[in-house]
Amino acid sequence: AAVPWPLDPQHGFTHRIPESCFVWKAQAAVGQLEGLRVKIPGAQFDVSVLGDGFGTRTGAVTSWVRNSAQVAAQLLGRFPVDRAQVLLVADTRRSSFGLALRGGGPTAVLLVPIAPSDDQPAEDWTGVHELLHFSHPPMATAEAWFYEGVVTYLPPVARARAGDHTEEAAWTELFDGYHRGHHRSGTGLPLHEESRRMHETRA
């Protein structure tokens, strides 16, 4: 089982279930899982590969997770939590997708495209985006305009400062985002309501 709950150091493999399990959404995985541990200074990530996995690309995808965490940590001075669970899913979609969850402990769920190129994940900003979510406190869905806005703005900046991006590429990514935002005015609801319903309306 892959769960975000912390281990109870006095009872071996017994987990302590935090109160946040009953407040915030969580994600766990049960079954035959490929488990890996990724470390950066000041933080460790319990990575579980779900489904059929990535085959020969597992190392590249794991390196992408580590690099994403390092980029986030470099921007912030240190990674915002000392431990997080990462669930990796090989996916058939063209671009990656992720979720950051807080129930029971920080969990990043990353759906990574199955692509023939080993270096493809390194070009993807999704890992940095999802891991940067742990830099702000848990917030209600109605405040998504703020927390999604912040972690959409920060990855190009973080990646440019880390040397993963050129300055020109970072500015291009930011202006592309501003352009998309300007032409997607939502459904006409007030901002807090638009945020609360964003998963339904895709606004």
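Predicted model: local features only at pLDDT ≥ 70, side-chain atom pairs only at ≥ 80, totals over all residues.
**Entry 1: the second pocket**

I started with the lining of the second largest pocket, and by class I got 7 nonpolar, 5 polar and 3 charged residues. For the classes, Ala, Val, Leu, Ile, Met, Phe, Trp, Tyr, Cys and Pro are nonpolar, Asp, Glu, Lys and Arg are charged, and the others, Gly among them, are polar. Residues are numbered from 1 along each chain as its sequence is written, and side-chain values use heavy atoms, with hydrogens and water left out.

I noted a volume of about 280 Å³ for the second largest pocket. A pocket here is an open set of points on a 1 Å grid over the protein atoms alone, where a 1.4 Å probe fits, with protein on both sides within 12 Å along at least five of seven lines; lining residues have an atom within 4 Å of a point. The volume is the space filled by probe spheres set on the points, which are joined across faces, edges and corners.

**Entry 2: the largest pocket**

Next I looked up the largest pocket, which has a volume of about 2,100 Å³. I found 46 lining residues, with His-129, Glu-148, Thr-152, Met-198 and Ala-203 nearest the centre. By class, the lining splits into 20 nonpolar, 16 polar and 10 charged residues. Helix 3 supplies the largest share of the lining, 8 residues.

**Entry 3: helix 3 and its partners**

Helix 3 made me curious, and I checked its packing. How do helix 3 and helix 4 run relative to each other? The axes of helix 3 (residues 144–162) and helix 4 (residues 167–183) come within 9 Å and cross at roughly 175°. The two are therefore roughly antiparallel. Axes are lines fitted to C-alpha atoms, for helices over the stretch in contact, and angles run from 0 to 180 degrees between N-to-C directions. Over 145 degrees counts as roughly antiparallel, and 65 to 115 as roughly perpendicular.

Tyr-153, Pro-156, Arg-159 and Ala-160 of helix 3 meet Ala-170, Glu-173, Leu-174 and Tyr-178 of helix 4; contact means heavy atoms within 4.5 Å. I got 6 nonpolar, no polar and 2 charged residues in that contact.

Helix 1 (residues 58–76) packs on helix 3 at about 90°, with the axes 9 Å apart. Helix 1 and helix 3 are therefore roughly perpendicular. Helix 1 brings Val-71, Gln-74 and Leu-75 to the contact, and Arg-159 is among the residues from helix 3.

**Entry 4: the whole chain**

Last, I noted 6 helices and 5 strands in the chain. Helices (H or I, at least four residues) and strands (E, at least two) are DSSP runs, numbered from the N terminus. Along the sequence I read β-β-α-β-β-β-α-α-α-α-α.

Conventions:
Parallel < 35°, antiparallel > 145°, perpendicular 65-115°, else oblique.
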